[in-house]
Amino acid sequence: MSESAEVVPIRPSIRLDTDALTLTDIRLSHEGRNLLDGVIAEISSNGITTLIGPNGAGKSLLLRVIMDLVKPTSGVVEFGDGFEHPALVFQRPILLRRSVRANLNHALKLAKVPKADRSGRLAELLVAADLTRLAENPARALSGGEQQRLSIVRALASNPSLLLLDEPTASLDPSATKAIEDLIRNTSAAGVKIILVTHNRAQAKRLADDVLFLHQGKIAEHTLAEKFFQAPQSDAAKGYLAGDLLL
Ligand SMILES: Nc1ncnc2c1ncn2[C@@H]1O[C@H](COP(=O)(O)OP(=O)(O)OP(=O)(O)O)[C@@H](O)[C@H]1O
């Protein structure tokens with residue numbers, strides 16, 4: 001480049017990937033505290049993104065902002081062409097006091113799936129969650145892992161292209177965790193973008209294509225999973241992976 005060549009600055013308003021989910025300077029203040037403090041990220045419409053970071057970093061809040069359940073103080077969430085109908089599964093989802101089948105049927109109705117298509121779709125969701133044999137059981141009598149699988153496929157009733165999962169395996173044993181991880185992988189393989197909040201670093205390593213590391217309301221690092229776990233760049237991520245107590 002010659003000395004006189006004009007350097008054209010990259011304006012943040014130019015979106016590099018029109019399919020991506022773009023978070024631009026998301027801020028959320030509450031009673032003088034900056035709970036989200038300028039979150040900037042461009043999240044690909046493919047694969048599994050894990051959102052990790054210490055307690056209180058703002059992970060759950062960020063999922064709620066993406067879902068438009070919480071309004072940020074400022075900043076913009078833009079869904080690219082690759083996204084439609086985001087769905088969120090909460091950490092402690094609430095199931096209806098009815099059968100597994102009735103819970104799914106209700107979700108399909110809410111999603112306005114035509115009546116003629118409902119039973120076929122319901123059967124597919126039961127298979128995906130491996131709950132066919134428990135279809136007539138009361139949903140609230142299922143084990144924790146079964147309830148979580150039901151919650152995930154219930155969220156899929158609306159055919160989302162983006163599924164946000166907030167610690168879906170918290171307090172589950174290894175075999176229940178594996179069943180959820182299989183369901184997450186299969187859902188991703190079917191073309192649904194996943195953003196997964198987890199405290200389980202081994203799980204993040206097993207599932208993630210890329211990692212968003214949130215610390216004190218800011219993205220301290222956003223990188224491919226392999227790189228993140230092998231060579232984290234930020235001091236906060238290094239400390240987190242080393243098991244230090246981060247404040
Ligand atoms: N509705 C709310 N009103 C006020 N403060 C809130 C609200 N929800 C969350 N906070 C605060 O925002 C901060 C971030 O909370 P958030 O639940 O997003 O953290 P997190 O990273 O998901 O943590 P954890 O891993 O413990 O679930 C915390 O300090 C929390 O106390």
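This is a predicted model: local features need pLDDT of at least 70, side-chain atom pairs count only at pLDDT 80 or more; totals for chains, interfaces and linings use all residues.
**Overall fold**

I began with the secondary structure and counted 8 helices and 9 strands in the protein. I then looked up the extent of the chain, and found that the C-alpha atoms fill a box of roughly 70 × 40 × 40 Å along the principal axes. The radius of gyration is 20 Å, which agrees with the value near 18 Å that a compact globule of 247 residues would have. Buried residues account for 36% of the 247 residues. When I took the contacts between residues at least 6 apart in sequence, 67% of them turned out to join residues at least 24 apart.

**Ligand shell**

Next I asked which residues surround the ligand. I listed His30, Leu35, Gly53, Asn55, Gly56, Ala57, Gly58, Lys59, Ser60 and Leu61. Helix H1, which spans residues 59–66, supplies the largest share of the shell, with 3 residues.

**Helix H5**

I turned to H5, which covers residues 174–189, and compared its length with expectation: its 16 residues reach 22 Å from the first C-alpha to the last, close to the 22 Å expected at 1.5 Å a residue. I then noted which of its residues are buried, and wrote down Thr177, Ile180, Leu183, Ile184 and Thr187. These residues cover an arc of only 120° around the axis, so they sit on the same side of H5. The face turned away from that buried side carries the exposed residues Pro174, Ser175, Asn186 and Ala189.

What covers the buried residues of H5? I found that the cover includes strand E3 (48–52), strand E6 (162–166) and strand E7 (193–197), together with H3, helix H4 (144–156) and helix H6 (201–207). After H5 comes Gly191, and I recorded that its phi is positive, near 100°.

**Ala123**

My last entry concerns Ala123, which lies in helix H3 (residues 115–128), a helix that is also among the elements covering the buried residues of H5.

How values were computed: Residues are numbered from 1 along each chain as its sequence is written. Helices (H or I, at least four residues) and strands (E, at least two) are DSSP runs, numbered from the N terminus. The radius of gyration is taken over C-alpha atoms; the globule rule is 2.2 Å times the number of residues to the power 0.38. A residue is buried if 20 or more other C-beta atoms lie within 10 Å of its own, exposed if 12 or fewer, and partly exposed in between; C-beta atoms are placed from the backbone. Two residues are in contact if their C-beta atoms, placed from the backbone, lie within 7 Å. A residue is near a molecule or strand if its C-beta atom, placed from the backbone, lies within 6 Å of it. The expected span of a helix is 1.5 Å times one less than its number of residues. The arc is that of the directions from the helix axis to the C-beta atoms.
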